[in-house]
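Subject: Structure handover

Hello,

Here is the structure I promised to pass on. Please open it beside this message and read along.

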Amino acid sequence: MAQVEMKMPKMGESVAEATITKWLKNEGDKVNAEDSILEIATDKVDSEVPSPSGGILIKRLFNEGDVIKVGSVIAIISNDAADATPVKAEAPKENKAAEAVTSIAVPLEFEVVKQSTSGKFYSPLVRNIAKQEGVSLQELDAIKGTGQEGRVTKNDILNYLPTRGKSPAAVPAPKLVATTNTASEVSSSSSQPINKPAISVGGEDEIIEMDRMRKIIADHMVMSKHVSPHVTSYVEADVTGMVTWRDKVKKDFEKREKEKITFTPLFIEAVVRAIKDFPMVNVSVDGTKIIKRGHINIGMATALPSGNLIVPVIKDADQKNVLGLTKSVNDLANRARNNKLQPDEIQGGTFTITNVGSFGNVMGTPIINQPQVAILAVGAIRKKPAVIETPLGDTIGIRHMMFLSLSYDHRVVDGSLGGSFLRRIADYLEQFDPNRTV
């Protein structure tokens, strides 16, 4: 009987693992090549994994909720169509990679068992983190788990490590989830636990469980406010020239390029130019080190039909003209709303733009998308009476005005840099040439 190993696929640069959210096929089911076998999740992106071969699914090697390393064998398929009975199959040796946190083995004097005498279950990933960090079974039992049925997750044990010996394990530090979730990032935050307020529930209240994406967003937002001291600056910009230009070219542009041109690529163009003028906004913080980014990758916050938010990234935005930015913006936004993004397309952002004006808001105070140090909110464009300065004197006219809000990390971006950068973005928008060509 020939067997085919189905492996966890590579899902993009810097994506090392994924969570099995749902098995779509049972052991014993007949499958065709390219049939979806299971659903997986990495950060905010859900994906389906297709079968590499037709045959019978004879063994599922992991359960729903397990975190699996890329390249690990997750299922066994027999390509002998006559064999419709699932057989007992041992997990191949390659699956040991799914349990390793790093490629360096750290010998310890004890092993953490899969299930303790208290009845708590520990995943392979949690057990190996505990093994490498010298966390005893008794310590693990004392950690309050946030996973399903109170299980201790990877984030629970990583959040516990910086507090060892400082606070009781039963009161872990707040759960923090970053875009690149590492122990070093978690330990950079305060080790003091945050006391949550007591919530009373009345008889007429409805309790709604957060979906997976909303939980990730909630954790990421709390982590960002916990890590970075936020400061927000505002400017008002006269964008009449930009609005006039778009109104003039949008019909011909759509007819020629088969693409609708929105204001978003124009905002991105201005941000990119300002970043080149002030490159120290395009950085990240690692402890006491500042990482100055060599690429300008602009994330654009996109609202989904579910009400959740995702941030696809335009890589090397400084190398694209308005047409290229327009195509990238439209493509990423459409695929984001249809859950067709690839994991790598939400990774690697160095600066983020969020358009609060699309909801009719004139301004906002956005939360920084870690590990970046700044985020721009663009408000609604509205006609307003404004003073117009001319060589012959000041006049009052109707202008298209908008507010820009920049939230920045005050650890590395002071008011001078943040304010000057924001003002430069507004200058580029106000100086937009209404006679330019595309």
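Among contacts in the protein chain between residues at least 6 apart in sequence, 63% join residues at least 24 apart. Contact here means heavy atoms within 4.5 Å.

Some ground rules. This is a predicted model, in which local features need pLDDT of at least 70, side-chain atom pairs count only at pLDDT 80 or more, and totals for chains, interfaces and linings use all residues. Residues are numbered from 1 along each chain as its sequence is written, and side-chain values use heavy atoms, with hydrogens and water left out.

**Confidence**

pLDDT is the predictor's confidence in each residue, from 0 to 100. The protein chain averages 82. A score of at least 70 is reached by 80% of the residues. Two stretches need care. Residues 86–114 have a pLDDT below 50. In the model, this stretch still has 57 contacts beyond near neighbours in sequence. Residues 167–190 are also below 50, with 54 such contacts. Where pLDDT is low, the predicted coordinates should not be read in detail.

**Overall make-up**

The protein chain has nine helices and 19 strands. These are DSSP runs numbered from the N terminus: helices are H or I with at least four residues, strands are E with at least two. Of the 438 residues, 42% are buried. Buried means under 20% relative accessible area, exposed over 50%, and partly exposed in between (1.4 Å probe, protein chains only). The accessible surface of the chain comes to about 22800 Å². Carbon and sulfur atoms account for 50% of that surface. Areas come from the Shrake-Rupley method with a 1.4 Å probe; for residues, only the protein chains shown count as cover.

**Nonpolar cores**

A nonpolar core is a set of buried Ala, Val, Leu, Ile, Met, Phe, Trp, Tyr and Cys residues joined through side-chain atoms within 4.5 Å. The largest one has 56 residues. Those touching the most other members are Ile268, Ile298, Phe351, Leu376, Leu404, Phe421 and Ile425. Helix 7 (residues 264–277) gives the most to this core, with eight residues. Another core, of 21 residues, lies apart from it; Met8, Ile37, Ile40 and Ile58 are among its members.

Take Ile298 in the 56-residue core. Leaving aside neighbours within four places in sequence, Ile298 contacts residues including Ile268, Val271, Val272, Ile275, Phe351 and Ile353.

**Sheet and hairpin**

Four strands form an open antiparallel sheet in the order 1-8-6-3. Strand 1 (3–7) and strand 3 (30–31) stand at the edges, each with a single partner strand, so one side of each has no neighbour in the sheet. Two strands count as paired if DSSP finds at least two bridges between them. Strand 3 and strand 6 (residues 55–60) have two bridges, in the antiparallel sense. Val31 stands opposite Gly55 in strand 6.

Strand 10 (residues 283–286) and strand 11 (residues 289–292) also pair in the antiparallel sense, over four bridges. Ser284 stands opposite Ile291 in strand 11. Their hairpin has two residues between the strands. Gly287 takes a positive phi near 65° in this hairpin.

**Single residues to look at**

Asp238 lies in strand 9 (residues 230–238). Asp238 is buried, with a relative accessible area of 18%. Which side chains does the side chain of Asp238 meet in polar contacts? One is Thr240, at 2.6 Å. Another is Arg399, at 2.8 Å. A polar contact is a pair of N or O atoms within 3.5 Å; within protein, one must be able to donate a hydrogen and the other to accept it, and residues adjacent in sequence count only if both atoms are side-chain atoms.

Leu323 lies in helix 8 and is partly exposed at 22%. Beyond residues up to four places away in sequence, Leu323 touches Phe253 and Glu257.

Some backbone geometry stands out for a visit. A cis peptide bond joins Gln370 and Pro371, with omega about 5°. Pro371 is in the loop between strand 16 (351–355) and strand 17 (374–378). Asp316 has a positive phi near 50° and is not a glycine. Asp316 sits in the loop between strand 15 (313–314) and helix 8 (322–337). Asn339, also not a glycine, has a positive phi of about 55°. Asn339 is in the loop between helix 8 and strand 16, and is partly exposed at 43%.

Best wishes
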